[in-house]
Amino acid sequence: MNGSVKFRARHGIIVALDADAVDACKQTIDLTTRVDGVVGYKLGMTMALRLGLAESVRQLRAHTDLPLLYDHQKAGPDVFDMAAKFAGLCAEARVDGLILFPTAGPRAVEGFVGETIKRGMLALVGGDLPFPDYNVSGGGYVADDALERIIDKAIEFGATHFVVPGNTPDKLRHHSARLKSRLAAPVFVVPGIGPLGGKIGDLVAAANGCSVYGVVGRAVYGAPDQTLAARQLVDQAMAAG
């Protein structure tokens, strides 16, 4: 089993806590945690570097019981031996899941995905970002089929949740079609919603019936009414599903 995390809706959003101030992140949680369809929060480097990971989780847990997913910007492109150490520290900090981009090769996939799942955390596995110059075909450095190969290897170690860019519905359509024949219920987490061009409704429609959760930062925490912004995004996801 890929961790014990169960998202409370079939489609929805994961709010990225990327505001500069700790209190602002807590306020975002307070304003959105009771919105049906908000299924969790992505904790990134801003709070973790200010407070430490364990203290960040401790403080945020007082504001929500929804899953807290740690994004180490992005864990996985590291030597194989670091996987157990990294996963162990994150488990001690009591995060619920880890976003992993194990681009360092098959052993990195085995190590980071396998160690995450072994410690009861949810592994959310990716390897592609929502930028036009990330892949080789767009002038970047990462092979165009890297995510496909990472996903295929990650499945061997129990992964069922995958991170796919949210501003390219064709990529989500491709990956969801491939995985529906291999997994009973693949789940997709999609960054790039809002300012980067992704639309949650388009992504749910492109996912071949799979569950989709948009990762949303500025479109929520930068909105004048964060509760309304979160509710509107969830409504778009539900309407498309």
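Buried here means under 20% relative accessible area, exposed means over 50%, and partly exposed is anything in between (1.4 Å probe, protein chains only). These legends describe a predicted model, in which local features need pLDDT of at least 70, side-chain atom pairs count only at pLDDT 80 or more, and totals for chains, interfaces and linings use all residues. Residues are numbered from 1 along each chain as its sequence is written, and side-chain values use heavy atoms, with hydrogens and water left out.

View 1. The barrel closes with 8 strands, in the order β1-β2-β3-β4-β5-β6-β7-β8. The pairing around this closed barrel is parallel, where two strands pair if DSSP finds at least two bridges between them. From one strand to the next, the twist averages 25°; angles run from 0 to 180 degrees between N-to-C directions, and axes are lines fitted to C-alpha atoms, for helices over the stretch in contact. Strand β2 (residues 38–43) sits between its partners β1 and β3. Strand β1 (residues 12–17) pairs with β2 in the parallel sense over 5 bridges. Within that pair, I13 stands opposite V38, and A16 stands opposite K42. To get from β1 to β2 the chain passes through helix α1 (residues 22–32), and this β-α-β crossover is right-handed; that is, with the strands pointing away from the viewer, the path from the first strand over the helix to the second runs clockwise. On the β3 side (residues 68–75), β2 pairs in the parallel sense over 3 bridges, with K42 opposite L69. Of the 6 residues of β2, 6 are buried, so the strand is largely enclosed by the rest of the structure.

**View 2. The largest nonpolar core has 62 residues.** A nonpolar core is a set of buried Ala, Val, Leu, Ile, Met, Phe, Trp, Tyr and Cys residues joined through side-chain atoms within 4.5 Å. I13, V38, Y70, V113 and F162 touch the most other members. Zoom in on F162: setting aside its neighbours within four places in sequence, F162 is in contact (heavy atoms within 4.5 Å) with V125, I151, I155, L179, L183, V187, F188 and V189. There is also a second, separate core of 19 residues, and A16, L69, I99 and Y134 are among them. As a rule, nonpolar side chains in soluble globular proteins tend to be buried together.

**View 3. R182 and D152 form a salt bridge, with the closest N and O atoms 2.6 Å apart.** The pair ties together distant parts of the chain, 30 residues apart: R182 is in the loop between α7 (169–180) and β7 (187–190), while D152 is in helix α6 (residues 146–156). A salt bridge is counted when a side-chain nitrogen of Lys or Arg is within 4 Å of a carboxyl oxygen of Asp or Glu, and by this rule the count comes to 13. R182 is partly exposed at 42% relative accessible area, and D152 is partly exposed too, at 22%.

**View 4. Two other salt bridges join K74 to D71 and E156 to K153.** The closest N and O atoms of K74 and D71 are 3.3 Å apart. D71 is buried, at 1% relative accessibility, whereas K74 is partly exposed, at 23%. E156 and K153 meet at 3.5 Å, N to O. Both of these residues lie in helix α6, 3 residues apart, which is about one turn of the helix. E156 is exposed, with a relative accessible area of 54%, and K153 is partly exposed, at 26%.

**View 5. E110 lies in helix α5 (residues 106–118).** With a relative accessibility of 37%, E110 counts as partly exposed. Neighbours within four places in sequence aside, E110 is in contact with F80, E115 and F157. For scale, the C-alpha atoms of E110 and A230 are separated by 35 Å, and these two residues are 120 residues apart along the chain.

Conventions:
Helix = DSSP H or I, 4+ residues; strand = E, 2+ residues; numbered from the N terminus.
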